[in-house]
Amino acid sequence: MSNALANGLAGAGGGIIAQIITYPLQTVNTRQQTERTAKKKSLAADGAATAPAPPGGGTLFQILQVIRTEGWGGLYSGLKPSLVGTAASQGIYYYFYQVFKNKAEARAVARKKKGLGDGTVGMFSWLVVAAVAGSVNVLLTNPIWVLVTRMQTHTQAERKIMEAKREAMLMEASDADATDMEAFKEKLSELDSTKPHPFGTFHAAREVYNETGIKGFWKGLIPTLIMVFLLGALAKLGATVSTYPLLVVKSRLQAKQEIGRNVMLRYTGTLDAIIKMIRYEGLYGFYKGMGTKIVQSVFAASVLFMVKEELVKAILFLTDESRKILLTFGK
């Protein structure tokens, strides 16, 4: 087995384990990123300025809230396609990274034989290797992450739709006659008892396709590719902080666009999302849920690299032992 394939398989295995452990944090973080909060103060009935409603508590509070309203399954919405995406992403990345790394090292040795360089790969070359491997990964796996984001935010989107319907019914009730109040109460009770529809991978894929066709599966591609090049140039924690606004933009583009007349809730593309976020939410909107993301990223990276290195050793050891056994039987 080649070193590249061993690294690819180990990366996939390590990524799956890290994803399962940290997935609840990722679900909550995605919901935090896609939550809209207007920056402008509104006016109360008496003309006094009132601040916009604050986000719904911290990370732990939101985790408990999801468990209370949706059960443990709510924290793992979209886990199946996420595991497929993680295995594919880590496997593809580490495989191509090793392939390009081997080529870069071989090229450096060849240059040394010609009297050019000292035989080592320069920092810029390493950045290019990481960026190219990351770009190949993004192009191939972006559709999976679009589906994961949709499934993670489905309940949140359904709740907002229900809230909009409830608000519209209350406005109608204010103009209704007293004789219609009983019917109104029944409709309101029926709406409040409505549960979110089941939403699996197929439902998510059909929704994305019906909205924008095939191109919808590559929403958020531009900010993701930009992050790939920045991640190669920065340390993990620093990269999380500096590229987080792009991550928020990507999540919002991939999530279901809100239904309603409010233009701040709908985006037509990357630039439109950035402009509307600055206009309606300010800089704070680009850093929603960053604390959750830092904890999840550091934890996931620690698990991934620890498991990956052990898996690489195990795979190479088993391959070597298998080769010895085959040679023994072949004699």
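Reader: What makes the pair Lys293 and Gln296 a polar contact?

Author: The side chains of Lys293 and Gln296 come to 3.2 Å. A polar contact is a pair of N or O atoms within 3.5 Å; within protein, one must be able to donate a hydrogen and the other to accept it, and residues adjacent in sequence count only if both atoms are side-chain atoms. The pair meets that rule, so it is called a polar contact. This is a predicted model, where local features need pLDDT of at least 70, side-chain atom pairs count only at pLDDT 80 or more, and totals for chains, interfaces and linings use all residues. Residues are numbered from 1 along each chain as its sequence is written, and side-chain values use heavy atoms, with hydrogens and water left out.

Reader: Where is Lys293, and why is Lys293 called buried?

Author: Lys293 sits in helix 11, residues 290–330. Helices here are DSSP runs of H or I with at least four residues, strands are runs of E with at least two, and both are numbered from the N terminus. The relative accessible area of Lys293 is 17%. Buried means under 20%, exposed over 50%, and partly exposed in between, with a 1.4 Å probe and protein chains only. Lys293 has 17%, so Lys293 is buried.

Reader: Which class does Val241 fall into, and why?

Author: Val241 has 34% relative accessibility, so Val241 counts as partly exposed. Val241 belongs to helix 9, residues 236–254. Val241 and Lys293 lie 52 residues apart in sequence, yet 9.1 Å apart in space, C-alpha to C-alpha.

Reader: Which residues does Val241 touch?

Author: Tyr287, Met290 and Ile294, not counting residues up to four places away in sequence. Contact means heavy atoms within 4.5 Å.

Reader: What makes Ser77 buried, and where is Ser77?

Author: Its relative accessible area is 18%, so Ser77 is buried. Ser77 is in the loop between helix 3 (72–75) and helix 4 (79–113). A polar atom of the Ser77 side chain lies 3.2 Å from the backbone oxygen of Gly74. Beyond its neighbours within four places in sequence, Ser77 contacts Tyr23, Thr27, Arg31, Met151 and Gln152.

Reader: How do you know how helix 1 and helix 4 pack?

Author: Two packed helices are described by the angle between their axes and the distance between the axes. For helix 1 (residues 3–34) and helix 4, the angle is about 145° and the axes are 7 Å apart. Axes are lines fitted to C-alpha atoms, for helices over the stretch in contact, and angles run from 0 to 180 degrees between N-to-C directions. The residues of this contact divide into 12 nonpolar, 12 polar and no charged. Ala, Val, Leu, Ile, Met, Phe, Trp, Tyr, Cys and Pro count as nonpolar, Asp, Glu, Lys and Arg as charged, and the others, Gly among them, as polar.

Reader: Why is Gln257 called buried?

Author: Gln257 has a relative accessible area of 15%, so Gln257 is buried. Gln257 is found in the loop between helix 9 and helix 10 (270–280). Leaving aside neighbours within four places in sequence, its contacts include Arg36 and Tyr267.

Reader: What about Leu139: what is its class, and what does Leu139 contact?

Author: Leu139 counts as partly exposed because its relative accessibility is 43%. Leu139 lies in helix 5, residues 123–175.
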